[in-house]
Amino acid sequence: MDNHTQPLVSVLIPFFNQERYFDSCLRSVCCQTYQNLEIIVVNDGSTDSSPDIVKLWAVDDNRIRYVSKDNEGPAIARMDSYRLATGEFIAFVDSDDYLPKNAIEVLVGHMVEKGVDLVQGSTTRILGFLKQRRYFDTGSFPINRIVQQPELFDQYYLNFFGKSFFPITLWGKLYRKSIIDLAMKKTQLFSREFPFVGEDHFFNMQLFPFIRSMYRTNETVYYYRYGGASSSKFSPTYPALLDLSDKRLYLLDHFALKDGYKSLFEEYANIVYYHAQQILEFKKGDKDDVINFFKEEMSTRGIASRMIDYYSMKGEMNNRIRLLVERDFEGMYDLAKKLLDIRRNSLMQKCKKVLLKMTEVFE
């Protein structure tokens, strides 16, 4: 296909204070083997030099459209970029990640040949100088086969409730814009409720019932920089994932997906304990603050009361669920401390392995 026959692809890249990696991200997009692109770059209120980077690229590449706005979070920045998009297909890219040279060509090739609404590729995780194993390849969603409705919804919508058939991220995919447009007329995709965290999950969870067909390839189409923002500092936006759990419960009820409740409740419990660990790890409170968090969560959250009812009927549960169901707040606190210690030890071991590999690379 030449540029006269290639469908236009809109590549949407929101960014905020990303001067360290932004040049490599833009380079990977501008240098794609697939040339018929419009590259919409939205500055979400950056205060570093990253806007200068995109302005330099825009001088030499007229496919770049640059927009600057006040900081409202990536979900709103993506919404603003989407409103400018005119391509037949949509690709989302995070500003600290980058693409293989043929990523868009691979995705468009499958999209056009198979005539589907969504193509999911594989991702390689980047940690420092190392390209780690490809991941998201071992899920149970079929590879190299078109999956259509009703199978697509009946078998795989549970992906958004803890089943992990394929990644919930916006990146690593190519979307048919007409399907997004249709969904936006009937539901909300870019949520102001989840501007900084959980926005990928929310978007795809809301969009998925409208997708008529999907294709998954094992070809790598995305390089994801692992261990970026949230792992090294306290995330005040992380509790939004608890709100997202309530939204997910609503959808389970709406679509009568009984098989999703157990997975969702287990994931919700993990989020609750993780936030308690954050409070302890970053000294945002003491034991009383953690216990008060547990008490408020279990007494006011809709999904918490539903979880208690569910396990009261089912009986069997793991220890972390049991403590929540029985409202054993002292036990919850002790478990959160134990899980934090385990996570710290695990992280130390991973760092040692990475350092060892880096040593081997440079020897």
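Q: What should I note at the outset, and how many helices and strands does the chain have?

A: Note that this is a predicted model. The chain has 13 helices and nine strands. Of its 363 residues, 52% count as buried.

Q: Which share of the contacts joins residues at least 24 apart in sequence?

A: The share is 80%, taken among contacts between residues at least 6 apart in sequence.

Q: How do I read a strand such as E1, and is E1 enclosed or exposed?

A: The general idea concerns the two faces: in a regular strand the side chains alternate between the two faces of the sheet. In this model, strand E1 spans residues 9–15, and seven of its seven residues are buried, so the strand is largely enclosed by the rest of the structure. Val9, Val11, Ile13 and Phe15 point one way, while Ser10, Leu12 and Pro14 point the other way, and all of these are buried.

Q: Which strands pair with E1, and in what sense?

A: Strand E2, residues 37–44, pairs with E1 in the parallel sense over seven bridges. Within that pairing, Ile13 has Val41 of E2 as its bridge partner. Between the two strands the chain passes through helix H1, residues 22–30, and this β-α-β crossover from E1 to E2 is right-handed. Strand E4, residues 89–92, also pairs with E1 in the parallel sense, over four bridges. There, Leu12 has Phe92 of E4 as its bridge partner.

Q: How many disulfides does a search of the whole structure find?

A: The search finds zero disulfides. The step of reasoning is a distance test: a disulfide requires two cysteine sulfur atoms within 2.5 Å. The sulfur of Cys30 has its closest cysteine sulfur in Cys31, at 6.4 Å, which is too far for a bond.

Q: Are Cys30 and Cys31 buried or partly exposed?

A: The test is relative accessible area, with buried meaning under 20%. Cys30 is buried, at 7%. Cys31, at 37% relative accessibility, counts as partly exposed.

Q: How do I read the aromatic residues, and how many aromatic pairs are there?

A: One looks for pairs of rings and then for groups that the pairs connect. The structure holds 28 aromatic pairs. Ring pairs link Phe141, Phe153, Tyr156, Tyr157, Phe160, Phe161, Phe165, Phe166, Phe208 and Phe255 into a cluster.

Q: Which residue lies over the face of Tyr215?

A: Lys114 lies over the face of that ring, at 4.5 Å from the ring centre.

Q: Where is Pro167 found?

A: Pro167 is found in the loop between helix H5 (151–156) and strand E8 (173–176). Pro167 is buried, with a relative accessible area of 5%.

Q: How can I compare sequence separation with distance in space for Pro167 and Thr123?

A: One sets the two values side by side. Pro167 and Thr123 are 44 residues apart in sequence, and their C-alpha atoms are 9.7 Å apart in space.

Methods. Residues are numbered from 1 along each chain as its sequence is written. This is a predicted model: local features need pLDDT of at least 70, side-chain atom pairs count only at pLDDT 80 or more; totals for chains, interfaces and linings use all residues. Side-chain values use heavy atoms; hydrogens and water are left out. Buried means under 20% relative accessible area, exposed over 50%, partly exposed in between (1.4 Å probe, protein chains only). Two strands pair if DSSP finds at least two bridges between them. A crossover is right-handed if, with the strands pointing away from the viewer, the path from the first strand over the helix to the second runs clockwise. Rings of Phe, Tyr and Trp (its six-membered ring) pair if their centres lie within 6.5 Å; planes under 30 degrees apart count as stacked, over 60 as edge-to-face and the rest as tilted. A charge sits over a ring if NZ of Lys or CZ of Arg is within 6 Å of the ring centre and within 35 degrees of the ring normal. Contact means heavy atoms within 4.5 Å.
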